[in-house]
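Biologist: I've got a model open on my screen and a few things to ask about it. Can you talk me through it?

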Amino acid sequence: MTAHIEREFDVLVIGAGAVGENVAERVVKGGLTAVMVEAELVGGECSYWACMPSKALLRPGTALHGAQTVPGAEEAVTRVLDAAAVLKRRDYFTSNWQDDSQVKWAEDTGIELIRGHGWITGPRQAEVAGLDGNNYALTARHAVVVATGSRPSIPPVEGLADVDFWTTREATSARDIPARLGVLGGGVAGTELAQAFARLGSAVTLVARGGLLGAFPTPAAELVQAGLRADGVELHLRTGTQSVHENDDGSLTLTLEGSGRVTVDKLLVATGRHPALEGIGLESVGLAGEDGAPPRLRTDASGLVVGAEGQEAAPWLYAVGDAAGKVLLTHQGKYEARATGDAIAARARGTLSGEPAPWSHYAHTADDHAVPNVVFTDPELANVGRSLEQARKDGYRATSVELPIQVAGSSLHSEHYKGWAQLVVDEDRKVLLGATFAGPDVAELLHAATIAVVGEVPLDRLWHAVPSYPTISEVWLRLLEEYGL
């Protein structure tokens with residue numbers, strides 16, 4: 001028999017992915033009660049279908065290739081990747097798609113969990129269709145937080161809706177390696193998974209309407225492009241896909257602009273993502289999308305949603321992570337969640353009113369100035385902050401300095417190391433606005449750049465941060481010397 005259950009909490013979080021977990025944890029630490037509502041696995045996309053499994057698929061190939069580029073180790077490497085072993089290790093990192101440990105963490109933290117689909121019915125009100133068959137009417141005394149993540153954006157390609165294709169979920173949870181894999185999309189997910197499957201034995205063809213990794217400086221993206229081609233990935237860049245159809249043997253044929261054709265056994269569509277806001281009741285509080293378009297949310301620096309009914313009288317609706325639509329990166333969403341959770345608790349205590357000050361404990365200021373991002377291809381790309389073009393567009397008097405990464409540490413790291421680095425400088429304040437690194441294992445250079453950008457470290461002081469020798473970090477010294485210090 002279906003029961004109707006009424007419950008009240010201080011904070012209701014819709015979505016129990018990594019971002020929702022962080023909000024809930026912070027408000028509980030702030031002395032409030034919290035409930036998370038989740039229809040799928042606790043831990044969310046990153047834990048089971050994105051960050052963790054994709055990196056588990058990539059790392060073995062990177063480690064093998066790294067050994068193959070160092071004389072002495074190269075001669076000892078006599079085998080290719082064991083695909084079954086890679087998939088088994090991937091399964092370990094996803095906990096075999098079981099969320100028992102995450103559920104226990106929530107219980108131990110004092111966070112209640114309701115499994116089901118939840119939607120907002122009015123200010124501070126929500127309903128949940130529970131997976132246990134019960135219906136829940138929930139009231140939030142202080143806040144409702146939308147942490148529903150994002151969903152794949154599927155392009156309007158003729159015939160695509162009629163065939164069975166992969167999104168990143170199916171790719172990262174694949175049980176077998178297809179002989180031929182097609183990839184639509186030249187962004188981070190498409191590029192990473194193209195290389196992962198190529199190294200696992202697939203013949204991979206990547207088709208992108210634009211360039212590869214177009215958000216990154218061209219010299220950096222070109223290094224990754226060369227890496228993909230070295231792994232046998234066939235690239236069709238700046239090429240549209242006109243249609244897709246299924247053949248009698250179950251394979252798929254893509255017809256490309258210019259009359260080219262590609263036949264594959266599986267097709268991965270990785271053409272971006274959008275906030276997952278449909279079906280969560282935003283229209284009930286005045287936040288419906290315009291002209292039938294999906295809703296989009298605007299938030300202040302603490303995650304408070306702009307324009308929701310009842311918001312002016314007493315702030316109550318927040319959005320964080322991909323759902324907020326600012327930066328679709330897990331680590332940045334978790335950063336937003338920590339600040340938002342603390343802001344909710346502070347407002348409940350009466351110690352925070354209005355919008356928080358920039359760079360305060362309650363503000364998402366780094367979203368606008370210092371977002372770190374890593375593409376875990378081989379070679380890697382890592383950047384933080386503004387590109388030169390973005391900085392000038394934002395009104396800064398900006399310059400840049402670029403160099404190939406050619407230091408003692410890179411020469412020792414691997415034979416014929418190829419890398420590239422760039423710093424973007426605010427000439428008025430003589431501080432960094434951004435940095436980009438490309439090359440094997442450059443991700444570990446990124447946090448130093450993030451600290452320099454967030455801390456607005458003056459370049460003449462940064463010059464005194466002496467890099468250890470011989471490390472790849474010596475490129476910092478070479479960049480500052482090239483700048484003129």
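Predicted model: local features only at pLDDT ≥ 70, side-chain atom pairs only at ≥ 80, totals over all residues.

Biologist: What omega goes with the cis bond that joins Asp378 and Pro379?

Modeller: Pro379 is in a loop too, the one between β16 (372–375) and β17 (380–385). The peptide bond joining Asp378 to Pro379 is cis, and its omega is about 10 degrees.

Biologist: On to the cysteines. How many disulfides does a search of the whole structure find?

Modeller: The pair to look at is Cys46 and Cys51, with an S to S distance of 2.3 Å. A disulfide needs the sulfur atoms within 2.5 Å, so that pair qualifies. Searching the whole structure, the number of disulfides found is 1.

Biologist: Is the link of Cys46 and Cys51 left-handed or right-handed?

Modeller: Look along the S-S bond joining Cys46 to Cys51. The angle about that bond is -130 degrees, and the link is left-handed.

Biologist: How do α3 and α4 run, roughly parallel or roughly antiparallel?

Modeller: Two packed helices are described by the angle between their axes and the distance between the axes. For α3 (residues 51–68) and α4 (residues 83–93), the axes come within 9 Å and cross at roughly 150 degrees. Angles over 145 degrees count as roughly antiparallel. So α3 and α4 are roughly antiparallel.

Biologist: What kinds of residue make up the contact of α3 with α4?

Modeller: On the α3 side you'll find Met52, Pro53, Ala56, Leu57, Arg59 and Pro60, and they meet Val86, Leu87, Arg89, Arg90 and Phe93 in α4. By class, the residues of that contact come to 8 nonpolar, no polar and 3 charged.

Biologist: Now α1 and α9: are they roughly parallel or roughly antiparallel?

Modeller: The axes of α1 (residues 18–29) and α9 (residues 330–349) come within 8 Å of each other, crossing at roughly 25 degrees. Angles under 35 degrees count as roughly parallel. The two helices, α1 and α9, are therefore roughly parallel.

Biologist: How does the contact of α1 with α9 divide by class?

Modeller: From α1, the residues involved are Ala18, Val19, Asn22, Val23, Arg26 and Val27. They meet Thr330, Gly333, Lys334, Ala337, Arg338, Gly341, Asp342 and Ile344 in α9. The contact of α1 with α9 then divides into 6 nonpolar, 4 polar and 4 charged residues.

Biologist: What about Thr191, which residues is it in contact with beyond four places in sequence?

Modeller: Thr191 belongs to helix α7 (residues 188–199). With a relative accessibility of 0%, Thr191 counts as buried. Beyond four places in sequence, its contacts are Gly186, Leu206, Leu212, Leu213, Val224, Leu228 and Thr377.

Biologist: How far apart in space are Gly240 and Gly258, C-alpha to C-alpha?

Modeller: Gly240 is in the loop between β9 (234–237) and β10 (241–246), and at 2% relative accessibility it counts as buried. Leaving out residues up to four places away in sequence, Gly240 touches Arg209, Leu256 and Glu257. Gly258 is 18 residues away from Gly240 in sequence, and their C-alpha distance is 8.8 Å.

Biologist: Last one: what is the relative accessible area of Asp441?

Modeller: Most residues other than glycine have a negative phi. Asp441 has a positive phi, near 60 degrees, and lies in the loop between β20 and α13 (446–454). Lys430, in the loop between β19 (420–426) and β20 (431–439), also has a positive phi, of about 60 degrees. Asp441 counts as partly exposed, and its relative accessible area is 32%.

Methods: Residues numbered from 1 in each chain as written. Heavy atoms only, no water. Axes fitted to C-alpha atoms, helices over the stretch in contact; angles between N-to-C directions. Helix = DSSP H or I, 4+ residues; strand = E, 2+ residues; numbered from the N terminus. Parallel < 35°, antiparallel > 145°, perpendicular 65-115°, else oblique. Contact = heavy atoms within 4.5 Å. Nonpolar A, V, L, I, M, F, W, Y, C, P; charged D, E, K, R; others polar. Buried < 20%, exposed > 50% of the residue type's maximum accessible area, 1.4 Å probe, protein only.
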